[in-house]
Amino acid sequence: MKQPLVLLADDDVLLHRVLAFKAAQQNWRMMSAYDGNECLRLALTERPSLIILDGMMPVLDGFATLRELRRLPETASIPVLMLSARNRETDVVGALDEGANDYLTKPFSPAELLARVSRILAGGVAA
């Protein structure tokens, strides 16, 4: 079975380190993007199995990135888990309405994040 490729788009360097460690334990491959434009470029060229997308990043924020991912035919079906400190109901519902497969607010439990990623990778959340 091919290892899932997870793209983390977040400007928090520590989060990238922690998730890379956890991903290795789960037998997932990881890619990192630190802004929305980099995320879009990697999504188009690498076609990850899942994108974990921070809501607030420099250059292009996660919400605008999500809209662009869903607009492009090449990336429209890639599952997206939004991970954001924006926790208002309008933020969560708005992201889900825009096509996010799941939404987790910061701060978060690493175990919960892994469970949600595992569920999406197993096909438990439709794109």
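Author: Helices are DSSP runs of H or I with at least four residues, strands are runs of E with at least two, and both are numbered from the N terminus. The model is predicted. Take helix 2, which spans residues 36-46, and helix 3, residues 62-71.

Start with the ends of helix 2. D35 caps the N-terminal end. One of its side-chain oxygens sits 3.0 Å from the backbone nitrogen of N37. At the other end, R47 follows the helix. Its phi is positive, near 50°.

Next, the packing. Two packed helices are described by the angle between their axes and the distance between the axes. For helix 2 and helix 3, the angle is about 25° and the axes are 9 Å apart. An angle under 35 degrees counts as roughly parallel, so helix 2 runs roughly parallel to helix 3. The crossing of helix 2 past helix 3 is right-handed.

Which residues make the contact? Helix 2 gives G36, C39, L40 and A43. Helix 3 gives T65, E68 and L69. By class, this contact of helix 2 with helix 3 holds 4 nonpolar, 2 polar and 1 charged residues. An α-helix has 3.6 residues a turn, so residues three or four places apart point the same way.

Now the buried side of helix 2. G36, C39, L40, L42 and A43 are buried. Helix 3 is one of the elements that the buried residues of helix 2 pack against. The others are strand 1 (5-9), strand 2 (29-33) and strand 3.

Strand 3 covers residues 50-54 and includes D54. Is D54 buried or exposed? Its relative accessible area is 3%. Buried means under 20%, so D54 is buried. Its side chain makes a polar contact of 3.4 Å with the side chain of K106. Beyond its neighbours within four places in sequence, D54 touches A9, D10, D11, G62, M82, L83, S84 and K106.

Finish past helix 3. E74 lies in the loop between helix 3 and strand 4 (80-84). At 39% relative accessibility, E74 is partly exposed. Setting aside its neighbours within four places in sequence, E74 contacts L44 and R47. R47 is the residue with positive phi that follows helix 2. How far apart are E74 and N37? They are 37 residues apart in sequence and 15 Å apart in space, C-alpha to C-alpha. N37 carries the backbone nitrogen at the D35 cap.

Definitions and conventions. Residues numbered from 1 in each chain as written. Predicted model: local features only at pLDDT ≥ 70, side-chain atom pairs only at ≥ 80, totals over all residues. Heavy atoms only, no water. Axes fitted to C-alpha atoms, helices over the stretch in contact; angles between N-to-C directions. Parallel < 35°, antiparallel > 145°, perpendicular 65-115°, else oblique. Left-handed = near helix turned anticlockwise from the far one by under 90°. Contact = heavy atoms within 4.5 Å. Nonpolar A, V, L, I, M, F, W, Y, C, P; charged D, E, K, R; others polar. Buried < 20%, exposed > 50% of the residue type's maximum accessible area, 1.4 Å probe, protein only. Polar contact = N/O pair within 3.5 Å; in protein donor to acceptor, adjacent residues only side chain to side chain.
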